[in-house]
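Here is a short briefing for a first look at this protein. Keep the sequence and the 3D view side by side while reading.

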Amino acid sequence: MPISTSGKFLAALFATAALSLGLGSVATKAAEDAVVIPAPAIDEAGKSGTETAVFAGGCFWGVQGVFQHVKGVKSAISGYAGGEAATAQYETVSSGTTGHAESVKVTFDPRQVSYGKLLQVFFSVAHNPTQLNFQGPDEGTQYRSALFISDPEQRKVAKAYIAQLDKAHVFKQPIVTKVTDYTGFYPAEQYHQDFLTLNPTYPYIVYNDLPKIENLKQIFPADYSKDPVLVLKAKG
């Protein structure tokens with residue numbers, strides 16, 4: 001893993017040191033706690049076929065891992081959104097100057113899981129939507145909370161849900177998630193795909209991301225799928 005990604009690298013060092021000192025509790029608590037939130041009052045009407053949505057909420061490892069365990073999700077691909085194709089490379093995006101955010105493109109069956117339900121999972125267990133341009137140990141605009149929208153109905157649902165959650169004060173701080181136009185999605189390098197599943201003992205994953213999967217299982221048991229939908233398996 002390139003050590004230029006300072007947030008992930010330092011978090012991994014911290015977790016490794018803590019575990020080596022016998023601080024077992026470090027491995028059982030995510031850097032960001034899950035929040036139980038109400039379902040959206042406004043959701044999409046039933047659709048046929050498949051639908052796509054792009055979510056940005058900090059490091060894409062954990063966000064991808066969460067969505068890969070949601071029933072009705074057909075694929076969840078880590079990548080970059082918000083910037084130009086020419087700068088959609090990990091080291092360049094990590095500079096925080098490209099306009100890109102680490103993102104996950106989710107393809108799902110709306111007959112099995114709605115866009116509103118995916119938003120509920122996203123805001124509840126996948127990340128903390130009140131953190132501006134950072135997420136846990138990772139800082140920079142590339143870790144911002146954002147929804148990249150190309151569907152007018154998704155835009156309506158997303159804006160209404162954010163307003164609903166803010167009005168209900170389910171979070172201690174206002175939601176900073178930006179609902180922005182979709183301008184393209186660029187898949188991340190292969191070594192980033194399925195990172196959570198392939199590296200379950202990596203300290204950053206143990207501390208920051210595996211608890212998100214457990215939270216998904218506990219808070220959304222009817223929507224949890226034990227077997228993740230993997231990118232590399234689909235390609236194989």
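A residue counts as buried under 20% relative accessible area, as exposed over 50%, and as partly exposed in between. By that scale Glu153, at 27% relative accessibility, is partly exposed. The model is a predicted one. Its protein chain has a mean pLDDT of 89, and 86% of the residues reach 70 or more.

**Confidence**

- Residues 1-7 have pLDDT below 50. This stretch makes 14 contacts in the model beyond near neighbours in sequence.
- Residues 9-29 also have pLDDT below 50. Here the model shows 17 contacts beyond near neighbours in sequence.

**Nonpolar cores**

- In soluble globular proteins, nonpolar side chains tend to be buried together.
- The largest nonpolar core holds 47 residues. Phe55, Phe67, Tyr115, Phe123 and Leu147 have the most contacts inside it.
- Which helix gives the most to this core? Helix α4, residues 115-126, does, with 8 residues.
- Phe67 can be traced through its partners. Leaving aside residues up to four places away in sequence, Phe67 touches Phe55, Val73, Ala76, Val106, Leu118, Val121 and Phe122.
- A second, separate core has 7 residues. Among them are Val54, Ala101, Phe148 and Phe185.

**Helix α4**

- Helix α4 is largely enclosed by the rest of the structure, because 11 of its 12 residues are buried.

**Salt bridges**

- Side chains of opposite charge can pair when their charged atoms come close.
- How many salt bridges does a search of the whole structure find? The search finds 8.
- Lys47 and Glu153 meet through their side chains in a salt bridge, at 3.7 Å from N to O. This pair links distant parts of the chain, 106 residues apart. Lys47 sits in the loop between α1 (6-20) and β1 (51-57), and Glu153 in helix α5 (residues 152-168).
- Lys47 has 23% relative accessibility, so it counts as partly exposed.
- Asp109 pairs with Arg111, with the closest N and O atoms 3.0 Å apart. Arg111 is exposed, at 60%.
- Lys212 and Asp209 form a salt bridge at 3.5 Å, N to O. They are 3 residues apart in helix α7 (residues 203-219), so about one helical turn separates them.
- Lys212 is buried at 9% relative accessibility. Asp209 is buried as well, with a relative accessible area of 1%.
- Glu44, Lys47, Glu51, Asp151 and Glu153 belong to one network, joined by salt bridges that share partners.

**Cavities**

- Rolling a probe the size of a water molecule over the atoms shows where empty space is left.
- The structure holds 2 cavities of 30 Å³ or more. The largest cavity contains about 90 Å³ of space.
- What lines the largest cavity? Its lining has 13 residues, and Gln135, Tyr204, Asn208, Asp209 and Lys212 lie nearest the centre.
- Helix α7 supplies the largest share of that lining, 4 residues.

Notes
Residues numbered from 1 in each chain as written. Predicted model: local features only at pLDDT ≥ 70, side-chain atom pairs only at ≥ 80, totals over all residues. Heavy atoms only, no water. pLDDT = per-residue confidence, 0-100. Contact = heavy atoms within 4.5 Å. Core = buried A, V, L, I, M, F, W, Y, C linked by side-chain atoms within 4.5 Å. Buried < 20%, exposed > 50% of the residue type's maximum accessible area, 1.4 Å probe, protein only. Helix = DSSP H or I, 4+ residues; strand = E, 2+ residues; numbered from the N terminus. Salt bridge = Lys/Arg side-chain N within 4 Å of Asp/Glu carboxyl O. 1 Å grid on protein atoms, 1.4 Å probe; cavity = no way out; pocket = protein on both sides within 12 Å on 5 of 7 lines; lining within 4 Å. Points joined across faces, edges and corners; volume = space filled by probe spheres on them.
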